[in-house]
Amino acid sequence: MAVLYPDQIGEAWAPEGERCFYCGEIRYSADTAIVWAGEVVIGLHVKCAERLAVAPLGDVREAQLSGVDGEPHWTRRCARALREGLTAQEMRS
Ligand SMILES: [Zn+2]
């Protein structure tokens with residue numbers, strides 16, 4: 001990813017008036033943007049790039065816990081949460 005500053009927008013490689021990949025709104029020449037070049041080139045508002053970067057992390061964590069790379073971790077986490085809750089309750093009484 002790279003930062004696209006307003007004075008660069010309008011260059012042949014950074015045309016003005018393109019739509020943000022995340023929100024679909026037009027990126028104006030006064031907007032600093034984030035550009036990512038992979039299989040395709042995508043441009044994003046800075047706030048949209050932040051959202052797009054963070055959101056998949058939660059999904060990746062959920063996929064990992066569901067066992068995408070082996071055994072699911074949900075049952076162990078649930079058992080631990082239940083055990084800790086019961087232990088805390090027993091210590092109070
Ligand atoms: Zn946007």
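Tyr-22 touches Leu-44, Cys-48, Arg-51 and Leu-52, leaving aside residues up to four places away in sequence. Touching here means contact: the C-beta atoms of two residues, placed from the backbone, lie within 7 Å. Tyr-22 sits in the loop between strand 1 and strand 2. Tyr-22 counts as partly exposed because it has 19 C-beta neighbours inside 10 Å. By definition, a residue is buried if 20 or more other C-beta atoms lie within 10 Å of its own, exposed if 12 or fewer, and partly exposed in between. Tyr-22 and Ala-55 are 33 residues apart in sequence, and their C-alpha atoms are 12 Å apart in space.

## The model and its confidence

This is a predicted model, in which local features need pLDDT of at least 70 and side-chain atom pairs count only at pLDDT 80 or more, while totals for chains, interfaces and linings use all residues. Residues are numbered from 1 along each chain as its sequence is written.

The pLDDT is the predictor's confidence in each residue, from 0 to 100. Its mean for the chain is 86, and 100% of the residues reach 70 or more. Confidence is highest in strand 3, at 90, and lowest in helix 2 (residues 74–92), at a mean of 85.

## Overall layout

The chain has two helices and three strands. Helices (H or I, at least four residues) and strands (E, at least two) are DSSP runs, numbered from the N terminus. Read from the N terminus, the order of elements is β-β-β-α-α.

The radius of gyration of the chain is 22 Å, whereas a compact globule of 93 residues would have one near 12 Å. This radius is taken over C-alpha atoms, and the globule rule is 2.2 Å times the number of residues to the power 0.38. The C-alpha trace spans about 70 × 30 × 20 Å along its principal axes. Of the 93 residues, 12% count as buried. Among contacts with a separation of 6 or more, 36% join residues 24 or more positions apart.

The three strands form an open sheet with the order 1-2-3 and antiparallel pairing. Strand 1 and strand 3 are the edge strands, since each pairs on one side only. Neighbouring strands of this sheet are turned by 30° against each other on average, direction ignored. Two strands pair if DSSP finds at least two bridges between them.

Strand 1 (residues 2–4) and strand 2 (residues 33–37) pair over three bridges in the antiparallel sense. Strand 2 and strand 3 form a hairpin, with three residues between them.

Helix 1 (residues 46–65) lies across strand 2 and strand 3 and runs at about 110° to strand 3. Axes are lines fitted to C-alpha atoms, for helices over the stretch in contact, and angles run from 0 to 180 degrees between N-to-C directions.

In soluble globular proteins, nonpolar side chains tend to be buried together. The largest nonpolar core of this model has eight residues: Leu-4, Ile-9, Cys-20, Ala-33, Ile-34, Val-35, Leu-44 and Ala-49. Strand 2 gives the largest share of this core, three residues. A nonpolar core is a set of buried Ala, Val, Leu, Ile, Met, Phe, Trp, Tyr and Cys residues joined through C-beta atoms within 7 Å. Ala-49 touches Ile-34 and Leu-44, not counting residues up to four places away in sequence.

Asp-31 is partly exposed because 17 other C-beta atoms lie within 10 Å. Apart from residues up to four places away in sequence, Asp-31 touches Pro-6 and His-45. From Asp-31 to Ala-49 the separation is 18 residues in sequence and 13 Å in space, C-alpha to C-alpha.
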